[in-house]
Amino acid sequence: MPAQKVETGHQDTIHDVAMDYYGKRLATASSDHTIKIIGVSNTASQHLATLTAHQGPVWQVAWAHPKFGSLLASCSYDGRVIVWKEGNQNEWTQDYVFDDHKSSVNSVAWAPHELGLCLACGSSDGNISVFTIRADGGWDTSRIDQAHPVGVTSVSWAPSTAPGALVGSGLLDPIHKLCSGGCDNTVKVWKLSNGNWKMDCFPALQMHTDWVRDVAWAPNLGLPKSTIASAAQDGKVIIWTVARDGDQWEGKVLNDFKTPVWKVSWSLTGNILAVSDGNNNVTLWKEAVDGEWQQVTTVEP
């Protein structure tokens, strides 16, 4: 598919772009306080809706799995998380507003659909909140207090299937784990156990020398290890791996980009990593047979 320029109509910086499950629509988040929904095809793009309710820059957007309907979560500097619901086509309403956090909410991530409709949020107040919908339509809240005391920048869920397990076995005993990055330069792993979230890595994963800007837990599709990518203000992307529960995570520098790295994103199969950096470059990386990471291409702007 050739590169296509999409005019969003935003009046200020765009902080995040998320494509829906079917690859038909983009949601964009901007400093102009709005979210745009844009229909995309191989040849054209079309503005479908503008969502306005946040009272500050919108940092991130995330589509829920379509089995739950057409839902989009957004988070903002205003401290609120909004779950938007599409009723009639392109008619969006606020389905729920979470205002538990006392400062900017920087990241939102939906859990794997096997865990139900469940949303993790990371905030500058240092806390991570996890909202799970109940059968009656209300939401239960669990919290990881002071996950990163100086601020949480990003959250990402683990696959619901254990490493090395058969695909689909996660339906029987799904795993509730997530990772987070923070302004304390660390990456942390969390596990839900008996209704409480507990840290699942000791010590915290410390190889970065500046704020961690993004974390992304890789899909594993039966691979015998868990993998997390982290990107930081220090210009480095680090690949963290662990073979078994309880083992120590090991970190390996994928590359030093010599400029802040903003985002990391895995392919659906978990074998290619996209990295976007402060030089406006997007590069794709793949692990070679010998375990070294190699750049496979640069995405032309």
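The legends below describe close-up views of a pocket and of salt bridges in a predicted model. Residues are numbered from 1 along each chain as its sequence is written, and side-chain values use heavy atoms, with hydrogens and water left out. In this predicted model, local features need pLDDT of at least 70 and side-chain atom pairs count only at pLDDT 80 or more, while totals for chains, interfaces and linings use all residues.

**View 1. The second largest pocket and its volume of about 310 Å³.** A pocket is an open set of points, on a 1 Å grid over the protein atoms alone, where a 1.4 Å probe fits and with protein on both sides within 12 Å along at least five of seven lines. Grid points are joined across faces, edges and corners, and the volume is the space filled by probe spheres set on the points.

**View 2. The lining of the second largest pocket, with 20 residues.** K225, T227, T241, E287 and W293 lie nearest the pocket centre. Two or more lining residues come from each of β18 (226-232), β19 (236-242), β20 (250-256) and β23 (282-287). Strand β20 gives the most, with three residues. Strands are DSSP runs (E, at least two residues), numbered from the N terminus. Lining residues have an atom within 4 Å of a point. By type, six are nonpolar, nine polar and five charged. Here Ala, Val, Leu, Ile, Met, Phe, Trp, Tyr, Cys and Pro count as nonpolar, Asp, Glu, Lys and Arg as charged, and the others, Gly among them, as polar.

**View 3. The salt bridge between R80 and D78.** The distance between the two side chains is 3.4 Å, N to O. A salt bridge is a side-chain nitrogen of Lys or Arg within 4 Å of a carboxyl oxygen of Asp or Glu; the structure holds 16 of them. R80 is buried, at 18% relative accessibility, and D78 is partly exposed, at 22%. Buried means under 20% relative accessible area, exposed over 50%, and partly exposed in between (1.4 Å probe, protein chains only).

**View 4. K177 and its salt bridges to D200 and D245.** The side chains of K177 and D200 meet at 3.0 Å, N to O. This pair links distant parts of the chain, 23 residues apart: K177 is in strand β14 (residues 177-182), and D200 is in the loop between β16 (196-199) and β17 (212-217). K177 and D245 meet at 2.5 Å, N to O. D245 lies in the loop between β19 and β20, so its pairing with K177 in β14 ties together parts 68 residues apart in sequence. K177 is buried, at 9% relative accessibility, D200 is partly exposed, at 26%, and D245 is exposed, at 52%. Salt bridges link K177, K191, D200 and D245 in a network.

Notes: Helix = DSSP H or I, 4+ residues; strand = E, 2+ residues; numbered from the N terminus.
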